[in-house]
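Please read the following briefing with the sequence and the 3D structure open beside it.

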Amino acid sequence: MSSSPLSKKRRLSGTETKTGSHCSSSNSVRTDLSHTPANGMAKNGNDAEIDEGLYSRQLYVLGHEAMKRMQNSNVLISGMRGLGVEIAKNVILGGVRSVTIHDEGVAEWRDLSSQFYLREEDLGKNRAEVSQARLAELNSYVPVTGYTGPLTEDYLTKFQVVVLTNSTLDEQQNLGEFCHSKGIKLIIADTRGLFGQLFCDFGEEMIVYDTNGEQPLSAMISMITKDNAGVVTCLDEARHGFESGDYVTFTEIQGMTELNGCKPVEIKVLGPYTFSICDTSGFTDYIRGGIVSQVKIIISFLQIKSLSSSMAEPEFLMTDFAKMEFPGQLHLGFQAIHAFQKKHGHLPAPWSQADGEELLALAKDVNSAQTGSAKVEQLNESLIKKLSYVAAGDLAPVNAFIGGLAAQEVMKACTGKFMPIMQWLYFDALECLAEEEGFMLTEEECAPKNCRYDGQIAVFGTKMQDLLAKQRYFLVGAGAIGCELLKNFAMIGLATGEGEVIVTDMDTIEKSNLNRQFLFRPWDVTKMKSDTAAAAVKLMNPAIKITGHQNRVGPDTERIYDDDFFESLDGVANALDNVDARMYMDRRCVYYRKPLLESGTLGTKGNVQVVIPFLTESYSSSQDPPEKSIPICTLKNFPNAIEHTLQWARDEFEGLFKQPPENAMQYLTDPKFMERTLKLPGAQPAEVLEAVYKSLVTDCPQNWADCVAWARNHWQCQYSNNIRQLLHNFPPDQLTSSGAPFWSGPKRCPHPLEFSTSNELHMDYVVAAANLFAQTYGLQGSTDRAGVIKILQDVKVPPFTPRSGVKIHVSDQELQNNNSSIDDTKLEELKAMLPSPESFQFKLTSIDFEKDDDTNFHMDFIVAASNLRAENYDIPPTDRHKSKLIAGKIIPAIATTTAAVVGLVCLELFKIIKGHKKLESYKNGFMNLALPFFAFSEPIAAPKHKYYEIDWTLWDRFEVTGLQPNGEEMTLRQFLDYFKNEHKLEITMLSQGVSMLYSFFMPAAKLKERLDLPMTEIVTKVSKKKLGKHVKALVFELCCNDLSDEDVEVPYVRYTIR
């Protein structure tokens, strides 16, 4: 029973043999399962191809190696109540080799409060048997088997990972010792009302191949000193981002070549651009250049404790730093719950004071029996009693949170990807209970009612259930977060009475959604998300009132989501995938003063923000810094990273297959096209008209052979001629005005390529480009490579000689300063050369980039175009998988994070519905399941402003009724006077949206004309738009001076017109 701290051995992946070895220890497994897959599709073994169409977004989180290791793992999940089914759902979606679900018990009323695959007609049936078929539908690659017998030691040897939920402490300890001795990885998960517990034991030696899942960093070097600890300085374009203790390796250094390809070196960070390495005093002098790259480390964890050892000497992962003492207390409290259950055969009765006192006494006994570090000086009596009061409860959101975490730990156990939880995690959401200190519910209020919400009534009582049923909520988005929210809404009984859930999403279901948007099945692909999701949750709880819409939220749909709609809502939940829509919904919620639940995920990272009227800041109050864009000149002439060549390839795609056919069709069909084009700034009119001329005349193909010839010539232009011209302007040995080499630092010197039909990449490019070009003209393409090679033999490629006098911009500044305009005679010539629109009978089709269809040549073109340019500049190429991530701007995603985040969102929903008023009751959350790391904080209060002695926040406004008692509308003069007399404010400027209605510097004649007009008339006149019948009020923004003529910041005006 060793109590020594966990020891770590580090190995470098650079010096490690192949990482694809089996993740569990040699004596752990018999991989041949005794049962055969139910659907025959499970090729999940070493030979299995990973279905990238299905697992695409998850692959960007875990990577191919980890996915392959996962496909070798058989997982047992015991206990099919709400927590067990949540873990099973996430693990099955993840794609392990097989899942066996185990339960010896039958479905009871209290299970239905969170077990989304049990229905009322299943009461009395075995939980595992009922859940099996519904879980099996989630992923056809993962066979799911139900098992209802006892968990014998012999039975457990079939599995690499065992998860226990809803099990006794005796069972946990017995099976825990057995699993530890056999190298079977063990996870114990438990929830008790508002409390959660998680324990991991991954055996005597656990190998972690990648601790955080982040892409290895790299930076360009500007200097390396010769010193006992050489100091490396990076180019000051961006911070290096390394941490002390990281290992790095070097390439492309000129001078100090001893470092190139060296074994990984440990570094010590000295500053944002500098770090020290090994002794370089004996190396050659550094001249210039070089790239430093981070090396991932493989960590071996030794002496991971078994359950029994770890119970006496626990190590806790903190989930909430405001509750530092809670884990130690709950560690004893959960043991006391087991003791109570063993003694009485049931859990403490909900809100029973007698049972609370007894549990406290048991907890004291547990504590006094401790000999190790688990012993606490003093028990938190109030905390232990609260644990007793809610222990019989079963809450869907707590199960979602703990279930998401537990499933991620299963994946870590199978793959060695990310850091495991060491070893205990405790969680509570006591803030969901009433805010008043010492508040007690009665036993009667929380006693079982033989209804599907019994598990929730045990925690919150029946009144809360009535409140939930009346809620009217707007859910924006039915993707991954949307599906999880709907599941939770159905389980907790939201909108099951007079209320309603309105869910809107304009997207249809795609195959890649099925990996985490768990309400959808393969046969739902191409259907609308909102309708399909609504129908799926109706099966989970037939009482939920839910309506699906297919509308995008925005100014265009304000006729539908109007004042009446928003005023009828109790709140809004966002499940969006872009910042613009989030900010729009945030503005609507501030205006209508509705609470907003905001959340998002990125791979294993997730966040939750709660926006409460008059209490917190809004989503838009704080923003992330904007993403850095790549300078145009870097893209055009000086790329130094694969990201640059991929963005260049995306721009090529738009500039060859989208923009030209679009412009040409507009020229042919839109009489105003020419007028609009000639108004464009700078050289743009000539560029557009030249492109139209090329599309309709010079480049216009008659047949497939013409398309191949076009692709071959375009290849020549981009990968040979343009590079030769660049090297003509800036030869490899060129010096700058200061005498430094021009081609140094971030500027990599390129070389032209020679075309060859025997080069796969060259042919990939020609085939993809020719097919896309053919598509734009409605011609038949071909994938017959031999045929393409035959055509290429007859293609004449014009000779090229670099020209003098060609201007190539070295920086974006230079580019901006050279805003060349075009002379009118050139434009007139171009106009005259264009054929008349009437003379054209055919139609051009512009192509919209679609990354997820592998048969459409889009990614074929991007990968080839990018990697050829990378070859020009000696940048290491990248595979199709990574190219798709970067070029397609894909957001990595995994079901575990989504489930956990949404669990936290729904705990905040409970607080909103209970009407919590204190800022500290609410929790914004951030998590990274890979590290693992959790941080909770109270939301930031709405910032206060002041004019005179009046405090106001973003939630306040001036309410002005436009219609006066005499039935006439207020004029501008009356509006200005109203503010002068009522609020002692002189309006200096007044605007509505982008329309300026009044300003103190307005010309006198215009002012005179406006002063006596009604406000709505001025708005329609200035904005040139009619006010829709759905508009009940207008928003005016004011600039004001106070009585002392000082500028003051004031709230906006809500001007009611109907």
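In which loop does Phe857 lie? Phe857 lies in the loop between α26 (824–833) and α27 (858–872), where helices (H or I, at least four residues) and strands (E, at least two) are DSSP runs, numbered from the N terminus. This is a predicted model, in which local features need pLDDT of at least 70 and side-chain atom pairs count only at pLDDT 80 or more, while totals for chains, interfaces and linings use all residues. Residues are numbered from 1 along each chain as its sequence is written, and side-chain values use heavy atoms, with hydrogens and water left out.

**Backbone angles in loops**

- Most residues other than glycine have a negative phi, and most peptide bonds are trans.
- Phe857 has a phi near 70°, a positive value in a residue other than glycine.
- Phe857 has a relative accessible area of 13% and is therefore buried, a word that means under 20% relative accessible area, with exposed meaning over 50% and partly exposed in between (1.4 Å probe, protein chains only).
- Phe614 is not a glycine either, and its phi is positive at about 65°; this residue lies in the loop between β24 and α18 (632–636).
- Phe614 counts as partly exposed because its relative accessibility is 47%.
- The peptide bond that leads from Leu931 to Pro932 is cis, with omega near -20°, and Pro932 is found in the loop between β25 and β26.

- Strands β22 (residues 571–574) and β23 (residues 596–602) pair in the parallel sense over 2 bridges, and the bridge partner of Ala573 in β23 is Leu597.
- Strands β19 and β20 run parallel and are joined by 5 bridges, and Leu475 has Val503 as its bridge partner in β20.
- Strand β20 (residues 500–504) is mostly covered, since 4 of its 5 residues are buried.

- Gly606 is found in strand β24, and it counts as buried because its relative accessible area is 3%.
- If residues up to four places away in sequence are not counted, Gly606 touches Gly600, Thr601, Thr897, Val901, Gly925, Phe926 and Met927.
- Thr645 is found in helix α19 (residues 642–669), and it counts as buried because its relative accessibility is 0%.
- With residues up to four places away in sequence again left out, Thr645 touches Pro639, Ser866, Arg869, Ala870 and Ile875.

**Cysteines**

- The structure holds 0 disulfides, a disulfide being a pair of cysteine sulfur atoms within 2.5 Å.
- Cys906 is in no disulfide, and the nearest cysteine sulfur, that of Cys432, is 10 Å away; Cys906 counts as buried because its relative accessibility is 0%.
- Cys1040 is in no disulfide, with the nearest cysteine sulfur, that of Cys1039, 7.3 Å away; Cys1040 counts as buried because its relative accessibility is 0%.

**Domains**

- The domain assignment gives domain 1 (55–205), domain 2 (218–295), domain 3 (632–734 + 744–797 + 829–888) and domain 4 (944–1056), and such bounds come from an automatic or database domain assignment.
- The centres of domain 2 and domain 3, taken over C-alpha atoms, are separated by 39 Å, and the contact takes 6 residues from domain 2 and 6 residues from domain 3.
- The size of an interface is often given as the accessible area lost when the parts come together.
- Domain 2 and domain 3 bury about 410 Å² between them, with 62% of it on carbon and sulfur atoms; buried area is the accessible area (1.4 Å probe) that two parts lose on being put together, summed over both.

How values were computed: Pairing = 2+ DSSP bridges. Contact = heavy atoms within 4.5 Å.
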